[in-house]
Amino acid sequence: MTTRERAMLHPNYSVDDRGHFCIGGVDSVMLAKKYGTPLYVLDEDAVRRNCRTYYSSVKKHFPPGSTAIYASKALSFKRIYPVINEEGLGADVASAGELYIAKSAGFPMEKILFHGNGKSEADIRFALECSIGCFVVDNREELDTLNRCAGEMGIRQKIQLRLTPGIDPHTFDAVNTGKIDSKFGTAIATGQAFSLTSYALTLRNLDLQGFHCHIGSQIFDDRPFCDAADIMLDYIATVRDKTGFTASVLNLGGGFAVRYTHDDPEISIEENIARLGSHIMDRCGELHIPVPAIILEPGRSIVADAGVTLYTVENVKTIEDYKNYVTVDGGMADNPRYALYRSPYTVLIANRAAANPDALYTIAGRCCESGDMIQEDVPLPAPQRGDIAAVLVTGAYNYSMASNYNWLCRPALVMLRGGTETLAIRHETFADLAACQL
Ligand SMILES: *Cc1c(COP(=O)(O)O)cnc(C)c1O
């Protein structure tokens, strides 16, 4: 495969006549020079296209009332929320901090779903004060606290219960969340889900809508979702038979995969949603239960391919008979995913994106940590100091997972729409680093 072909991993990526890598039709080398590096670039048009795929597929193939909700934790900053709202999606938040950002961006609070296995009373009160749409309750202590706080505030709060269906979607362990042995939710198989559900139905200030499960991330087909749906629909039928309560909502969580390298298959989200939808209808028919509204919570597949990260090459070291190291001006502080999960990425030299590789290079970060790598053994055309390295498909879980380790400043984020750019997050300064220290 040529470098040019490698660069064309997604339709919004291209290489121009000068051999520069472009995203959303904009020259990445120009962006790197204009805004400095490291730099996150987010193609808003691609985010909108991804939202539309979910919005229209859910409307077309799922029962009435079904919705797609953007999982904020993939990438949360003020300017993403109007985009998500305009495209008709709700948003879930995993913390009061994410809720605060969504609220300050004017996102409609009734379209917010609040996740998390460790919500504090302060988090719960803040979310109640914001009048959010729904809590996804993880455990009994949360149920009690939420019921008490809602009562004190005179609110009847909508909730879903987070359950673990006990299936293994065969993804990486750290992103696999639906097994019985999980810190998330309450297991159906142990009977604990049923006692939690029965208990929730007795609580006067809570209005149980239905059940939630999230089986994991980076799932390439509808099969694991159909399996999860089977278990959850069986559970809905059991609860109805035993208690008379019929769930009106089934939330199947997030997780459709994105293509990080050419080794990953191309998948059609719409076809997967269509198959899942007809599977759910059939199963509800067999169980003689009303078809619940289905919620999906995509994060990664909304923003990942819309993003790239640009770095400047600082140095190239060759250890004879071992490896070639290319050190860039960022690393695990702005993208911890290789250090955490050995995540695969496609890396290019953006200013020579049509030049074919001469050898394999390991892209090292600048942190004082041997594990600080972006990717190992990438084919590149002899990188040199001052080159711009582009890491593709970094829109999800990069900025949102960034830290200030080694007191590195977090990079700026530039958004592209219709070929023009807007600075959405400025580069942090040393003064920002010192700002909280008294
Ligand atoms: C992380 C997460 C998501 C989003 O997963 P993606 O793989 O980014 O689509 C959705 N729902 C819940 C509960 C999650 O924890």
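This is a predicted model: local features need pLDDT of at least 70, side-chain atom pairs count only at pLDDT 80 or more; totals for chains, interfaces and linings use all residues.
Lysine 119 is found in the loop between β7 and α6. Lysine 119 has a relative accessible area of 12%. The cut-off for buried is under 20%, so lysine 119 counts as buried. Its side chain has polar partners. One is the backbone oxygen of valine 136, which lies 2.7 Å from a polar atom of that side chain. Another is the side chain of glutamate 142, joined to lysine 119 by a polar contact of 2.6 Å. Leaving aside neighbours within four places in sequence, lysine 119 is in contact with Phe114, Ile124, Phe135, Val136, Val137 and Glu142.

Side chains of opposite charge can pair when their charged atoms come close. Glutamate 142 and lysine 119 form a salt bridge, with the closest N and O atoms 2.6 Å apart. The pair links distant parts of the chain: glutamate 142 sits in helix α7 (residues 140–152), lysine 119 in the loop between β7 (112–114) and α6 (121–129), and 23 residues separate them. Is glutamate 142 buried or exposed? Glutamate 142 is buried, at 4% relative accessibility.

Stay with α7. Helix α7 packs with helix α8 (residues 192–202) at an angle of about 5°, and their axes are 11 Å apart. Angles under 35 degrees count as roughly parallel, so α7 is roughly parallel to α8. On the α7 side, the contact is made by Arg140, Leu143 and Asp144. On the α8 side, Ser195, Leu196, Tyr199 and Ala200 make the contact.

Now turn to the other charged pairs. How many salt bridges does a search of the whole structure find? The search finds 26. One of them joins the side chains of glutamate 270 and lysine 60, at 3.4 Å from N to O. This pair also links distant parts of the chain: glutamate 270 is in helix α10 (residues 269–287), lysine 60 is in helix α3, and they are 210 residues apart. Glutamate 270 is partly exposed, at 28% relative accessibility. Lysine 60 is exposed, at 61%.

The side chains of arginine 283 and aspartate 234 meet at 2.9 Å, N to O, in a salt bridge. Aspartate 234 is partly exposed, with a relative accessible area of 30%. Elsewhere, salt bridges that share partners join Glu44, Arg48, Arg52, Glu86, Glu87 and Arg417 into one network.

Helix α3 covers residues 44–61, which is 18 residues. From first C-alpha to last, α3 reaches 26 Å, close to the 26 Å expected at 1.5 Å a residue. At its start, a side-chain oxygen of aspartate 43 reaches to within 3.1 Å of the backbone nitrogen of aspartate 45. Which residues of α3 are buried? They are Glu44, Ala46, Val47, Arg48, Asn50, Cys51, Tyr54, Ser57, Val58 and His61.

Next, histidine 10. Histidine 10 lies in the loop between α1 (3–7) and β1 (13–15). Histidine 10 is buried, with a relative accessible area of 10%. The backbone oxygen of arginine 259 lies 2.9 Å from a polar atom of the histidine 10 side chain. Not counting residues up to four places away in sequence, histidine 10 touches Arg259, Asp305 and Val393.

The last stop is the backbone. Most residues other than glycine have a negative phi, and most peptide bonds are trans. The peptide bond from threonine 37 to proline 38 is cis, with omega near -10°. Proline 38 is in the loop between α2 (28–35) and β4 (39–43). Arginine 342 is not a glycine, yet its phi is positive, near 60°. Arginine 342 is found in the loop between α12 (337–341) and β16 (347–349). At 51% relative accessibility, arginine 342 counts as exposed; the cut-off is over 50%. Aspartate 377 also has a positive phi, about 50°, although it is not a glycine. Aspartate 377 lies in strand β18 (residues 373–380). Aspartate 377 is partly exposed, at 41% relative accessibility.

Methods: Residues are numbered from 1 along each chain as its sequence is written. Side-chain values use heavy atoms; hydrogens and water are left out. Helices (H or I, at least four residues) and strands (E, at least two) are DSSP runs, numbered from the N terminus. Buried means under 20% relative accessible area, exposed over 50%, partly exposed in between (1.4 Å probe, protein chains only). A polar contact is a pair of N or O atoms within 3.5 Å; within protein, one must be able to donate a hydrogen and the other to accept it, and residues adjacent in sequence count only if both atoms are side-chain atoms. Contact means heavy atoms within 4.5 Å. The expected span of a helix is 1.5 Å times one less than its number of residues. A salt bridge is a side-chain nitrogen of Lys or Arg within 4 Å of a carboxyl oxygen of Asp or Glu. Axes are lines fitted to C-alpha atoms, for helices over the stretch in contact, and angles run from 0 to 180 degrees between N-to-C directions. Angles under 35 degrees count as roughly parallel, over 145 as roughly antiparallel, 65 to 115 as roughly perpendicular and the rest as oblique.
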